[in-house]
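The following note sets out points for the file on this entry. Please read them alongside the sequence and coordinates.

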Amino acid sequence: FRRVLFRSWLVAALQLLLLALVWWLVGWRVRRPRRALHDMAAFDATLALGLGLIAARPLLPHWLGHAAANILVLAAMLLLWRGLQHTMGGSAPAAPRWVVHGAMLVIALLGLDPELARWRAAVLLGVMAGLVVALSRASWPSAVQHLGRGVARLMQGLSTALALALALRAALGLWQGVPQEADAAGWPSLALALLVVAVLTTVNALAAASVLLGALQRLKRRAQIDEFTGLANRQGLERALSQAWSRWQREHRRFGVLALRVAELDDMQARHGAAAADDVLRRAAAVLSHELRQTDLLALRRGRELVAVVDGQPAAEDLLRITRRLDAAVAAMRLLPAWPDLRLSLECGTALVTASDTQARGVTRRALQALGAQDGRPVVQSAA
């Protein structure tokens, strides 16, 4: 049993070192979650060093093979918690640092005397059990959001099993004299080693899945955003229209479409060039986005043509009121310092979904037709 146990800890340590290297490499290639990825790499590397000391206990001095290994395990848990905080942002609870640091000091002192080994091991196992439970609870919202409720429950179940095994081992060691050390031979130690390996593998796999899903979501969002204006592009507009149409089909929840155009842009391009016209469009788009609600979407459809999808069961009067507000906001813009005397106006065409529509594009087409019927006049036209 002892030989199999040593090999189990050694395999776990080597596996964690490999995973740490992978996280470091990924962290240097991926910019946004870099801190979380590097924390994950530090967690794996620190824990690998601790497990390596456990596997090499017969060859090491007592304090180094026991107390130092225990301290490294607790330090790894703090690194894992910090990675969770970087992943979740401000919503993650603070790590119980004072409790862990106090436990590290107690372990360091108790590790000086081999006769106090069971108390040192009990402190480690008890604090570890508490940290595993606390980490599982803290990571629950993030796991549900990124991985789904089923996977989050699996992770929580494994964490609960590990916490119970650690607490039971600590209790049996203090009151029944059962060996608590990870290098003790027997089925309980081997089962604990295998459970630790399973949990660590699961944690790394779930972290990798979370990073991958987050990267895919960012790429998907980027593919629907116009980089220059920050508005949704044509693909993002089609997605918003599809969602609004689905709600209309299921719940008869009306939506409207606004076709918008800054009237002075063609003249700007003729006088000052395309770059100047694009800069004015970008500034106007920022103002229009601010005036719309968060539930509405403003997109750059083609060239300098803007389209807004207005949800929330609006009426025709609501659309006209919104366009007048948008026109007033654009007219109030001051394009300092380049064009202090330039005053903008907005051409708007609106359309509201009706029972006769067979697809969302029909609503957009009517709004664009209303916009095109204006002949460059900065007024609002409505299509039934």
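1. L110 is buried, as its relative accessible area is 19%; buried means under 20%, exposed over 50% and partly exposed in between, with a 1.4 Å probe and protein chains only. This leucine belongs to helix α4, which covers residues 97-110.

2. The model is predicted, so local features need pLDDT of at least 70 and side-chain atom pairs count only at pLDDT 80 or more, while totals for chains, interfaces and linings use all residues. Residues are numbered from 1 along each chain as its sequence is written, and side-chain values use heavy atoms, with hydrogens and water left out.

3. Apart from neighbours within four places in sequence, L110 makes contact with L116, W119, R120 and V123 (contact means heavy atoms within 4.5 Å). Its C-alpha atom is separated by 7.8 Å from that of A67, a residue 43 positions away along the chain.

4. S136 lies in helix α5, residues 117-147. This serine is buried, with a relative accessible area of 8%. When residues up to four places away in sequence are not counted, S136 touches Q156 and S159.

5. For the protein chain as a whole, there are 12 helices and five strands; these are DSSP runs numbered from the N terminus, with helices (H or I) of at least four residues and strands (E) of at least two. Of the 384 residues, 47% are buried. Among contacts between residues at least 6 apart in sequence, 68% join residues at least 24 apart.

6. The accessible surface of the protein chain is about 19,700 Å², and carbon and sulfur atoms account for 61% of that surface. Accessible areas come from the Shrake-Rupley method with a 1.4 Å probe; for residues, only the protein chains shown count as cover.
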